[in-house]
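The sequence and model are shown below.

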Amino acid sequence: IAVFVIFLTPLLFYGWQRVVWAHYYASSIPNEINFTKATKLNPLFDVYKRNLSKLYRNEMISLKDKDKKMAEEKFFLAHSAAEKALQISPLDIRNVRQLLLVKYWAGVNINKKYHQGNIELAQKLTSFSPTDPLSWDFLGLVYLDLGKLEEAKTAFGKEKTLNPNQPGVYLHLGEVFKQQGKIQEAIELYKKAVSLAPGWDFAEKELKKALEL
C-alpha cells in the first residue's frame with residue numbers, strides 16, 4: 001500500500017496542477033492562445049472547447065466581409081472545437097446550441113451548404129428544452145433559411161405561444177408570410193414587432209419594405 005501511495009501521489013499532484021493551470025489560462029485574457037492552452041491541459045473539460053469555438057465563431061463573423069477564405073478557416077476551427085465539446089458532453093444543451101450556431105452563421109455568411117445538419121441539431125434543442133422559446137426560435141430560423149416555410153411557421157408559432165411578448169418572433173413570422181406572398185399578414189406582424197420594440201430599426205425597415213410591396 002505504501003508503494004502504491006508513493007506512486008500515486010505525484011500523479012495526483014501532476015493532474016491537479018494541470019487542472020489549476022488550465023483554469024488559470026481559461027480565466028485569463030480570452031484569446032486563442034489561452035483557450036488552446038486550457039484545452040490541452042484539461043482536454044476532458046467541454047467548457048474550454050466550447051469557449052474556443054465561440055472565439056473562432058466570432059472571428060468568422062468579423063471576417064465575413066473582409067476575407068471569405070480566412071472566415072471559412074475560422075469556421076472549420078469553430079466547428080471542430082464545438083464538435084469535440086459535444087462529444088465530451090452530448091447532453092449539455094449549451095454544446096448542442098454552440099455547434100448549431102457555428103453552422104448557422106457559416107450558412108448565413110459563407111455558404112448555405114453549412115446549414116445542412118442543423119435541422120437535426122435544432123430539433124435536438126427543442127427535445128432537450130421544449131419550453132424554451134429560444135430553442136424554437138433556432139429551429140424556425142434554420143427552417144426559414146433552408147426555405148422550409150411551413151415548418152418555420154410552426155416552429156415560430158410555438159415560440160410565440162411560449163413567449164407572446166417577444167418582438168423577434170413577430171419579425172420572423174413576418175418574414176415567413178412575406179416569402180409566402182402574404183404581404184398584408186406580414187405587415188401586421190411587423191407592426192406588432194415594432195409596437196413591442198419601439199425604435200427597433202431593423203423591424204421598422206422590414207415594415208417599410210413590406211408596405212412598399
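Glu175 pairs with Lys178 in a salt bridge whose closest N and O atoms lie 3.4 Å apart, a salt bridge being a side-chain nitrogen of Lys or Arg within 4 Å of a carboxyl oxygen of Asp or Glu. Both residues belong to helix α9 (residues 167-179), where they stand 3 residues apart, about one turn of the helix; helices (H or I, at least four residues) are DSSP runs numbered from the N terminus. The structure is a predicted model, in which local features need pLDDT of at least 70 and side-chain atom pairs count only at pLDDT 80 or more, while totals for chains, interfaces and linings use all residues. Residues are numbered from 1 along each chain as its sequence is written, and side-chain values use heavy atoms, with hydrogens and water left out.

**Salt bridges**

The salt-bridge count is 10.

| Pair | N to O distance |
|---|---|
| Lys64 and Asp65 | 2.8 Å |
| Glu175 and Lys178 | 3.4 Å |
| Glu188 and Lys191 | 4.0 Å |

Accessibility is classed as buried (under 20% relative accessible area), exposed (over 50%) or partly exposed (in between), with a 1.4 Å probe and protein chains only. Lys64 is partly exposed at 23%, whereas Asp65 is exposed at 66%. Glu188 and Lys191 lie 3 residues apart in helix α10 (residues 183-196), about one helical turn. Glu188 has a relative accessible area of 42% and is partly exposed; Lys191, at 40%, is also partly exposed. Through shared partners, salt bridges link Glu175, Lys178, Glu206 and Lys209 into one network.

**Nonpolar cores**

A nonpolar core is a set of buried Ala, Val, Leu, Ile, Met, Phe, Trp, Tyr and Cys residues joined through side-chain atoms within 4.5 Å. The largest such core has 37 residues, of which Leu100, Leu139, Leu144, Ala152, Phe156, Val176 and Tyr190 touch the most other members. Elements giving two or more residues to this core include α5 (93-109), α8 (149-162) and α11 (201-212). The greatest contribution, 7 residues, comes from α7.

Leu144 is in contact (heavy atoms within 4.5 Å) with Leu149, Ala152, Phe156, Glu175, Val176 and Gln179, leaving aside its neighbours within four places in sequence. A second, separate core has 12 residues, among them Leu55, Ala106, Ile110 and Tyr114.
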